[in-house]
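Subject: Structure handover

Hello,

Here is the structure to look through. My notes follow below it.

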Amino acid sequence: MDLPIKGRGAPSNRSSRFLRLATDRSPEFVDEAPADEAPPPRHPATRLHIDATRTIISRNDSPDVPFGQSINPYRGCEHGCVYCFARPSHAYLDHSPGLDFETQIYAKPDAARLLDAELRRPGYRPDTIHLGANTDPYQPLEREARITRQILEKLLEFGHPVTVLTKGALIERDLDLLGALAARGLARAAVSITTLDSGLKRTLEPRAASPAARLRAVAALVAAGVPTSVLVAPVIPAVNDHELEAILEAARAAGARRAGWILLRLPRELRELMKEWLAAHRPLAAARVMSLVRGTRRGRESDPRFHARMRGDGAYAELIERRFAVTARRLGLEQGRQAPLDTSQFRVPAAGGQLALL
């Protein structure tokens with residue numbers, strides 16, 4: 001394990017599981033390295049790649065998520081949340097789910113054009129599109145790339161429903177579009193808040209917006225007329241679980257009317273990355289954290305079963321569920337899945353921006 005890098009979440013850069021050759025930096029070999037060999041960078045820069053995808057809408061039939069269609073404007077995420085369940089997907093690009101996931105970012109600059117083409121297909125049937133299913137649509141690169149904004153502009157043009165999930169305060173930039181969509185019953189937003197502790201946030205999700213900034217974003221979305229919920233995610237045993245009630249109270253004070261929660265998930269390479277983070281930042285609690293994780297996953301560190309992977313099972317998971325439900329009821333926060341957004345307003349505009357004939 002490497003030492004923690006300031007501003008980055010992953011302590012290491014383990015090779016993709018699909019690579020046939022991998023680098024072993026085992027301690028017994030480190031002393032034999034040439035004296036003039038450059039050490040690994042302590043401040044790795046973000047590198048932007050272009051994703052030349054030919055389609056933009058992803059579809060799923062998972063019973064664990066409340067949407068069937070999604071768009072990911074980016075692959076990889078500079079927010080650097082060490083617990084991100086999407087990290088293993090970077091292995092498909094032959095990148096590490098570790099530091100590469102937060103430094104090797106793929107953007108889809110043709111997203112709006114591809115979306116326009118897909119929405120115009122004769123067989124397309126409108127269904128809510130979710131932004132933020134895999135990586136954050138409002139990560140730092142969005143400030144200049146504006147891909148998420150272009151997608152929202154296109155959805156407004158077509159009268160197409162959309163939901164957005166983010167940890168980024170940059171969502172406030174697009175209040176004009178989200179407010180216009182919400183006024184027609186076509187948009188909802190959710191802000192994920194993991195902790196109210198700024199110190200914990202700096203190591204757990206180093207480049208995401210601060211807790212205070214996310215709460216301000218909730219208030220701004222509500223003021224703009226956008227139905228907004230808060231997602232307490234992930235709940236990490238013996239790390240942030242004690243904050244559950246406080247986060248819900250802060251969310252309600254900011255104007256949120258609905259809330260949800262997700263238990264920590266550790267698919268594939270994420271298990272070792274999380275253990276490395278614990279060793280670096282919570283060494284005395286590491287064994288207890290992983291013991292509690294296994295207690296919610298039938299003795300394993302990961303349980304991919306549908307209906308269980310988001311909430312877990314066992315006594316600890318049940319306790320979190322009860323605490324959340326009691327607090328949400330006390331604060332008047334709605335829970336559970338929401339009714340589908342309106343799809344009846346979907347219209348295909350004339351090409352070239354001309355008004356279509358009725």
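How do H9 and H12 run relative to each other, roughly parallel or roughly antiparallel?

Before the reply, some ground rules. This is a predicted model, in which local features need pLDDT of at least 70, side-chain atom pairs count only at pLDDT 80 or more, and totals for chains, interfaces and linings use all residues. Residues are numbered from 1 along each chain as its sequence is written, and side-chain values use heavy atoms, with hydrogens and water left out. Helices (H or I, at least four residues) and strands (E, at least two) are DSSP runs, numbered from the N terminus.

Confidence

pLDDT is the predictor's confidence in each residue, from 0 to 100. The protein has a mean pLDDT of 91, and 91% of its residues reach 70 or more. Over residues 33-39 pLDDT stays under 50, and the model has zero contacts beyond four places in sequence for this stretch. Contact here means heavy atoms within 4.5 Å. Where pLDDT is low, the predicted coordinates should not be read in detail.

Helix pairs

Two packed helices are described by the angle between their axes and the distance between the axes. Axes are lines fitted to C-alpha atoms, for helices over the stretch in contact, and angles run from 0 to 180 degrees between N-to-C directions. Angles under 35 degrees count as roughly parallel, over 145 as roughly antiparallel, 65 to 115 as roughly perpendicular and the rest as oblique.

Back to the question. Helix H9 (residues 244-254) packs against helix H12 (residues 315-331) at an angle of about 25°, and their axes are 10 Å apart. H9 and H12 are therefore roughly parallel to each other. Their crossing is right-handed. A crossing is left-handed if the near helix is turned anticlockwise from the far one by less than a right angle, and right-handed if clockwise. From H9, Leu244, Glu245, Leu248, Glu249 and Arg252 meet Ile320, Arg323, Phe324, Thr327, Ala328, Arg330 and Leu331 in H12. By class, the contact of H9 with H12 has six nonpolar, one polar and five charged residues. In these classes Ala, Val, Leu, Ile, Met, Phe, Trp, Tyr, Cys and Pro count as nonpolar, Asp, Glu, Lys and Arg as charged, and the others, Gly among them, as polar.

Helix H5 (147-158) takes part in the next two pairs. With helix H6 (residues 175-183), H5 packs at an angle of about 25°, with the axes 10 Å apart. That makes H5 roughly parallel to H6. The crossing of H5 and H6 is left-handed. Arg149, Leu152, Glu153, Leu155 and Leu156 in H5 meet Asp176, Leu177, Leu178, Ala180 and Leu181 in H6. This contact of H5 with H6 has seven nonpolar, no polar and three charged residues.

The axes of helix H3 (residues 111-119) and H5 come within 8 Å and cross at roughly 25°, which makes H3 roughly parallel to H5. H3 passes H5 in a right-handed crossing. On the H3 side, Ala111, Ala112, Leu115, Asp116 and Leu119 meet Ile147, Gln150, Ile151, Lys154, Leu155 and Phe158 in H5. The residues of the contact of H3 with H5 divide into eight nonpolar, one polar and two charged.

Sheets

Two strands pair if DSSP finds at least two bridges between them. An open sheet of seven strands has the order S2-S3-S6-S7-S8-S9-S10, with mixed pairing. Strand S2 (58-59) and strand S10 (258-263) stand at the edges with a single partner strand each, so one side of each is left without a neighbour in the sheet. S2 pairs with strand S3 (residues 69-71) in the antiparallel sense over two bridges. The bridge partner of Arg59 in S3 is Gln69. Helix H8 (residues 211-223) lies across strand S8 (187-192) and strand S9 (228-235), running at about 165° to S8.

Three strands form an open sheet, also of mixed pairing, in the order S1-S5-S4. Its edge strands are S1 (47-50) and S4 (74-75), each pairing on one side only. S1 and strand S5 (residues 104-107) run parallel and are joined by four bridges. Arg47 stands opposite Gln104 in S5.

Backbone details

The peptide bond from Ala233 to Pro234 is cis, with omega near -10°. Pro234 is found in strand S9. Arg146, in the loop between helix H4 (142-145) and H5, has a positive phi of about 60° although it is not a glycine.

Regards
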